[in-house]
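The sequence and coordinates come first, then the reading.

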Amino acid sequence: MRTVTVPVLPPVAVRADGQFGIYLHVPFCASRCGYCDFNTYTPAELAGAAETPAGSTPAGWLAGLGRELELAANLLATAPGGPRRVDTVFVGGGTPSLLGADGLAAALDAVRANFTLAGDAEVTTEANPESTSPQFFAGILDAGYTRVSLGMQSSAPGVLALLDRVHSAGRAPEAAREARRAGFEHVNLDLIYGTPGETDDDLARSVDAAVATGVDHVSAYALVVEDGTALARRVRRGEMPAVDSDVLAARYELLDARLSGAGLHWYEVSNWSRDGGACRHNLGYWNGGQWWGAGPGAHGHLGALRWWNIKHPNAYAEALDGGALPVAGFEELGAQEAHVEEVLLRVRLRDGLPVSLLDGAERSRAETAVADGLLTRAGDRLVLTDRGRLLADGVVRDILG
Ligand SMILES: C[S@@+](CC[C@H](N)C(=O)[O-])C[C@H]1O[C@@H](n2cnc3c(N)ncnc32)[C@H](O)[C@@H]1O
Ligand code: SF4
């Protein structure tokens, strides 16, 4: 057997404060959407690279995951500040629902076998509408999942076709209803806006269809044309216009008005929820929480340490077969890098950026943004205005100088 050489994580001190989460990455999709550059593999892509078949099947992935979580728990048990109780679990992909309810139950069991979950832990899985059913939702609820996040993207058939989505326009709202009927209080629908050819009406109907299901959370992302994707090649060949930033701004305003009119309020620039519906796991990322990322290509963050796993499922499995954590690389964040990241993430939250985090020069640049109508003061915090949300990245650059 060939064993990959992996870097060894340096000793890490775990912070005792804030949230601790576990992210599990499922690297499988039935087919690839043309816009997506996430670390995921179709059966055809894995067949061509099946040097070590172990990691390329759901069963092999699950075996590797169990080994990684065991190594993680051992590392945390001896680290200063560790071990930590798990506040949130998030299974993302890829397409976690391809594992079925039994596979997702086994993944959560692997977490429970190695970590202690808080009694009120939030346990989310992403799911693709076409690989769900009432039985699937009943099964994962029974297994201990508390939240489901479904990729809807749009309810316009033309937009879905352009995005290479394989589900019908009605299937995502139907799946959200099934999840709610199964007993899930917390259900999210993901939307993508600004797809070339999408009209204002298409987006308005998509938002209305999402809201009508009664979900308590909607995430909406501007379409990003990622390098190396089929979508980028189509744009480069002139088969499709590039995404227009003025259109994106107008669409964001439309989304926000419709969602807040329906009782879903923004709590992060791309996320809206009803009261009590915010995703605690993602809030952990944005509020400087710590997490272990398990699975191919997953990223983790403990103390000042960041690391990322080997991306390919076979190489990931191979490293674990050799007894090592499947780490591809790591970095230790200096104080300045950590500060930049904190400003970048926290300014995007409705709770805002505590002024106390900023130094004198940053505070005076933030005051300029307040005078320009991009930020507003809420007590000791700075919160993006409606216009500021459209220009969030620029506001961060302005503050940091
Ligand atoms: C990586 S997917 C995983 C969920 C699931 N596989 C699905 O597609 O429904 C998570 C979400 O990221 C968003 N996303 C992925 N690539 C994107 C891109 N290039 N631009 C905007 N949103 C994107 C989509 O809304 C998607 O639902
Ligand atoms: S189904 Fe989700 S993860 Fe898979 S390719 Fe499409 S957007 Fe990416």
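Helix α3 buries A101, G103, L104, A107, L108, A110, V111 and N114. Buried means that 20 or more other C-beta atoms, placed from the backbone, lie within 10 Å of the residue's own. This is a predicted model: local features need pLDDT of at least 70, side-chain atom pairs count only at pLDDT 80 or more, and totals for chains, interfaces and linings use all residues. Residues are numbered from 1 along each chain as its sequence is written, while chains are lettered from A and ligands numbered from 1 in the order in which they are written.

α3 covers residues 100-114, 15 residues in total. Its span from first to last C-alpha is 22 Å, close to the 21 Å expected at 1.5 Å a residue. That expectation is 1.5 Å times one less than the number of residues. Helices (H or I, at least four residues) and strands (E, at least two) are DSSP runs, numbered from the N terminus.

The buried residues of α3 pack against the elements below. Contact here means C-beta atoms, placed from the backbone, within 7 Å.

| Partner of α3 | Residues |
|---|---|
| β1 | 20-26 |
| α2 | 58-78 |
| β2 | 86-93 |
| β3 | 117-127 |
| α4 | 134-143 |

## Cores

The largest nonpolar core has 72 residues. Such a core is a set of buried Ala, Val, Leu, Ile, Met, Phe, Trp, Tyr and Cys residues joined through C-beta atoms within 7 Å. I22, V89, L189, V218 and A294 touch the most other members. α3 gives the most to this core, with six residues. Apart from it lies another core of eleven residues, including L353, A369, L382 and V395.

L189 touches L150, M152, A172, A176, A210, V215 and V218, leaving out residues up to four places away in sequence.

## Ligand shell

Which residues come nearest to ligand 1? They are Y35, G151, D190, Y221 and V224, out of 15 around it. Near means a C-beta atom, placed from the backbone, within 6 Å. β4 (147-153) and β5 (186-193) are the elements that give two or more residues to this shell.

## Two domains

Domain 1 spans 20-287 and domain 2 spans 335-400. These bounds come from an automatic or database domain assignment. Their centres, taken over C-alpha atoms, are 28 Å apart. Seven residues of domain 1 are in contact with eight of domain 2. On the domain 1 side, α9 (245-261) and β7 (265-268) give two or more residues. β7 gives the most, with three.

Key
A residue is buried if 20 or more other C-beta atoms lie within 10 Å of its own, exposed if 12 or fewer, and partly exposed in between; C-beta atoms are placed from the backbone. Two residues are in contact if their C-beta atoms, placed from the backbone, lie within 7 Å.
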